[in-house]
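Biologist: Please go through this model with me, one question at a time.

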Amino acid sequence: MTLREFVEHPAGLLVQGITGRQGRMETQWMLNSGTRITAGVTPGRGGSSVHEVPVYDSVFEAVEAHGNVVSMIYAPPFAAPDAAIEALEAGVRLVVMSAENVPIHRMSRAISVAHERGAFLVGPNSQGIVAPGDGRIGCPGGMDPSERFATGDVGIVSRSGGMASELSGLLRSWGIGTSVQIHIGGAPVVGLRMRAAVDLVCDDPATRRVVVFGEPSGDQEDELAEAVASGEIGVPVIAMIGGRFADTLPAALPFGHAPRAGSGATSTVVGKLERLRASGVRVVVDFEMLRRELDLRTASDTKGEQHDRSQE
């Protein structure tokens, strides 16, 4: 199932932690933007409702009533991994986790359960997923995503929530548009890593190129470079990594979401960019370079289409 199919799934979205402040607010935002939400879950609040969405005591009850396969979690940090496990064990296939500062050992257990069940766990610290024109899971773009997103052929995978939406907004201003956007989260340990997220974005039939935004910590960008070099990624990839200044700082000093200490001496921003470039990824260091690269890709695609038509 593609990300767009998850967004459009007829059973609708399940919201865990729907009665909390964040869950209540973002449920309203999603409903206002056209997202179909059929159930919410908060233990002990079953039988109530939030914005006319029925609330259940457990995910099992909600799934039994509505058949949900997608869940957005607004539970607090210590409870979020258990909420994810509950959803996965109830048969939910895609779980998105909003909370920041989730304990790593708890998150690791939730990731393990997702792998065992062949499901997708996005986050923690994820704003969610959006397929412009079809809907969103979570609230990328804030209160009114119509101001930020336009339909197009560029998939976006980002470790930064702010930059994910910023990139889509820039694409719209350039007349290009987004196919699918996913914010994987910038935590030290995440469920869906960059390389797998790129695969999911590439699976969308509208995606013809992918823009990824990386960060200083970890080795996710190196995994992507290896996949591109081996020919496993079927569309052009353009990469930008924020925080080059972090290379001048001691590794023990945090910069961005995840700590850099322990990532290894090769995990500098410049090193990541060099390995991405060597693998065949088009590396850009600012928005003007990104626009030029996308314009080149657009021109190349147009010429290819014209050539194909001339052969008919």
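Biologist: In which loop does Arg36 lie?

Modeller: This is a predicted model, where local features need pLDDT of at least 70, side-chain atom pairs count only at pLDDT 80 or more, and totals for chains, interfaces and linings use all residues. Residues are numbered from 1 along each chain as its sequence is written, and side-chain values use heavy atoms, with hydrogens and water left out. Helices (DSSP H or I, at least four residues) and strands (E, at least two) are numbered from the N terminus. On that basis, the loop holding Arg36 is the one between α2 and β2 (37-41).

Biologist: Which residues does Arg36 touch, not counting residues up to four places away in sequence?

Modeller: Arg36 and Glu8 are 28 residues apart in sequence, but 8.4 Å apart in space, C-alpha to C-alpha. Taking contact as heavy atoms within 4.5 Å, Arg36 touches Pro10, Ala11, Gly12 and Leu13.

Biologist: Which residues lie nearest the centre of the largest pocket?

Modeller: A pocket is an open set of points on a 1 Å grid over the protein atoms alone, where a 1.4 Å probe fits, with protein on both sides within 12 Å along at least five of seven lines; lining residues have an atom within 4 Å of a point. The volume, about 260 Å³ for the largest pocket, is the space filled by probe spheres set on points joined across faces, edges and corners. There are 18 lining residues, and nearest the centre are Gln16, Gly17, Tyr74, Ala75 and Pro76.

Biologist: Which helix gives the largest share of the lining of the largest pocket?

Modeller: α2 (21-32) and α4 (80-89) each supply at least two of the lining residues. By class (nonpolar: Ala, Val, Leu, Ile, Met, Phe, Trp, Tyr, Cys, Pro; charged: Asp, Glu, Lys, Arg; polar: the others, Gly among them), this lining has nine nonpolar, seven polar and two charged residues. The largest share, three residues, comes from α2.

Biologist: And how much space lies in the second largest pocket?

Modeller: Its lining divides into four nonpolar, eight polar and two charged residues. Here, too, α2 gives the largest share, three residues. The space in the second largest pocket is about 230 Å³.

Biologist: Which residues are closest to the centre of that second largest pocket?

Modeller: The second largest pocket is lined by 14 residues. Those closest to its centre are Gln22, Glu26, Ser98, Ser126 and Gln127.

Biologist: Are α8 and α9 roughly parallel or roughly antiparallel to each other?

Modeller: Helix α8 (residues 220-229) packs on helix α9 (residues 269-279) at an angle of about 10°, with the axes 8 Å apart. Axes are lines fitted to C-alpha atoms over the stretch in contact, and angles run from 0 to 180 degrees between N-to-C directions. Angles under 35 degrees count as roughly parallel, over 145 as roughly antiparallel, 65 to 115 as roughly perpendicular and the rest as oblique. α8 and α9 are therefore roughly parallel.

Biologist: Which residues of α9 make the contact with α8?

Modeller: The crossing of α8 and α9 is left-handed, meaning that the near helix is turned anticlockwise from the far one by less than a right angle, clockwise being right-handed. On the α8 side, the contact uses Glu221, Asp222, Leu224, Ala225, Val228 and Ala229. On the α9 side are Lys272, Arg275, Leu276 and Ser279.

Biologist: What is the orientation of α7 and α8 to each other?

Modeller: Helix α7 (residues 194-202) and α8 have their axes 8 Å apart and pack at an angle of about 50°. α7 and α8 are therefore oblique.

Biologist: Which two residues does the cis peptide bond join?

Modeller: Most residues other than glycine have a negative phi, and most peptide bonds are trans. Phi of Glu52, in the loop between β3 (49-50) and β4 (53-56), is positive, near 70°. Pro124 is in the loop between β7 (120-122) and β8 (128-131). The cis bond, with omega about 10°, joins Gly123 and Pro124.
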